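Here is a short briefing to read alongside your sequence and 3D view. Please keep the structure open as you go, and look up each spot as it comes up.

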Amino acid sequence: MPRAPAGTMTLAVVIQEELYMSQVRVLVGTKKGAFVLTSDAKRQKWDVAGPHFAGWEIYHAKGSPADPNRIFVSQTSGWFGQIIQRSDDGGKTWHQPGTPAGQPTTTPDGMPMGESNKFAYDTDGPAGKPLTTHQWYDGTQHPWEFKRVWHLEPSLHDPDTVYAGVEDAAIFRTTDGGKSWHELPGLRGHGTGPKWQPGAGGMGLHTIVLDPKNTNRIFGAISAAGVFRSDDGGQTWAPKNRGLASKYLPEQAPEVGFCVHRIALNAARPNTLFMQLHWHVCRSDDAGDTWKKVSGNLPTDFGFPIDVHAHEPETVFVVPIKSDSEHYPLDGQLRVYRSKTGGNEWEALTNGLPQKDCYVNVLREAMAVDQLDKCGIYFGTTGGQVYCSPDGGDSWAPIVRDLPPVYSVEVQTLG
Amino acid sequence: MIRVILPFHLRTLARLDGDVDLEVATPATQRSVLDALEARFPMLRGTIRDHGTLKRRPFIRFFACQKDLSLDPPDTPLPEAVANGAEPFHVVGAIAGG
């Protein structure tokens, strides 16, 4: 459909054009492979591709904002370790960045490639000796041991730069498209590392948020340590947990130790952050310097994911979950809660979601929003469903019902 | 010629349909077999042995000739039947989880 001349485009034309030209691509990581779900802007009919990397755990898949056809995947296994995969054609074909398809698998001097899967902790910088331990479950000190990549955050501007949040908690960066990874040791080595401890799922750096208005500012979140912020591109870091509270910590207001489950922001207002803490939903209006509780009328303020509407910075979505140990929806009713007031006042969204006998969970990485005018909200469950709301949460429908347990959901808005 | 049998996940990673035949200098050992395997299939680096220490990953086992060789030192010569190709060298994912 041809684009209307500038200045003559009516709202109807804009919407009609978006419906014809735009596309959404949903990247789903599951316990047994990755799936790519695509639809036009109506978000009613979906194509499902996959499983890619069948049988492997896919902790996260995310596309580059600078080159949407470039997608990075964390493929991992408790048996066989960590693999990084990359696609340069929107998920049609994949290769490991250190061993591109069709190219020699060894260097000219005979050395094997495949360095894209190697995440070696820095032992020379501030995180090296003697700071080589964190707190273990029993309170003793324990050496850092790499287990897997939980989160991949591509740069907003450079398709070759990606940040990786790993377990045991640390942040790595590649600047060569994933061929090699190097730790940013200032996070692990800034001083509080020996007080970090693993949560039930391990000690992972699970959330990385890049400030769209300040290229030097990076947020990271670790279970169970808390939120950290860098204002110099990842070289130095500081804890940002003031105002948080936890009944699981002996001190009332420690600097670190918090089991932060997720943080999110709206690109138009990056100093306002929303957080799903283990218990409590919180917000910060000063880029994490201070936090306040905004759980308000939520039926339970335990949960894992949290996200913010693409165009309404005060509209926030959470999925309350019964805890401490059940980790399924209250009363068997799967309900997303939406606040249009930046917290405290929440409404249950149920239209199209199962309201009886539903005992799935929604994991921290498994919620995302698209950028279409009528913002779409997406989430995946441990029961293998991926739901989409094309109208900002008012109504929901499953895109797929029977995938393996969903670990992560990301959305790309194309066209 | 030494025949190596890999588990499903590593066969798919290396894009293999079946077993792997490797030329390895004598005496063949776990280390020399895995060195040869990783040289031919670099994507397998880190999946059987740790990237840095080259120690066997915790949930990987080595079986051959109806014996568990997992705890043998890596430079121990492999059984003659493995070295001459009569019996395969199995890389196995330990029985744990699903």
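The notes below go through the chain contact, the backbone features worth a look, and one residue of chain A.

Please bear in mind that this is a predicted model. Chains A and B touch each other, with 20 residues from chain A and 19 residues from chain B taking part. Two cis peptide bonds are described below, one at A:Ser223 and A:Ala224, the other at B:Thr26 and B:Pro27.

**Where the chains meet**

- On the side of chain B that touches chain A, helix 1 (8-14) and helix 2 (30-40) of chain B each supply at least two residues.
- Helix 1 of chain B gives the largest share of that side, 5 residues.
- By residue class, the side of chain B that touches chain A divides into 8 nonpolar, 8 polar and 3 charged residues.

**Cis peptide bonds**

- In chain A, the bond joining A:Ser223 and A:Ala224 is cis, with omega about -5°.
- To find A:Ala224, go to the loop between strand 14 (218-223) and strand 15 (226-230) of chain A.
- In chain B, a cis peptide bond with omega of about -5° joins B:Thr26 and B:Pro27.
- B:Pro27 sits in the loop between strand 2 (20-22) and helix 2 of chain B.

**Positive phi angles in chain B**

- B:Leu54 is not a glycine, yet its phi is positive, about 60°.
- This leucine, B:Leu54, is placed in the loop between helix 2 and strand 3 (60-64) of chain B.
- B:Leu54 counts as partly exposed because 15 other C-beta atoms lie within 10 Å, a number between the cut-offs of 12 or fewer for exposed and 20 or more for buried.
- B:Gln66 also is not a glycine and has a positive phi of about 60°.
- Look for B:Gln66 in the loop between strand 3 and strand 4 (67-68) of chain B.
- B:Gln66 has 6 other C-beta atoms within 10 Å, so it is exposed.

**A closer look at A:Ala221**

- A:Ala221 belongs to strand 14 of chain A.
- Is A:Ala221 buried or exposed? A:Ala221 counts as buried because it has 31 C-beta neighbours inside 10 Å.
- Beyond its neighbours within four places in sequence, A:Ala221 is in contact with A:His206, A:Thr207, A:Val227, A:Val260 and A:Ile263.
- A:Cys375 is 154 residues away from A:Ala221 along the chain, and 26 Å separates their C-alpha atoms.

Definitions and conventions
Residues numbered from 1 in each chain as written. Chains lettered and ligands numbered in written order. Predicted model: local features only at pLDDT ≥ 70, side-chain atom pairs only at ≥ 80, totals over all residues. Contact = placed C-beta atoms within 7 Å. Helix = DSSP H or I, 4+ residues; strand = E, 2+ residues; numbered from the N terminus. Nonpolar A, V, L, I, M, F, W, Y, C, P; charged D, E, K, R; others polar.
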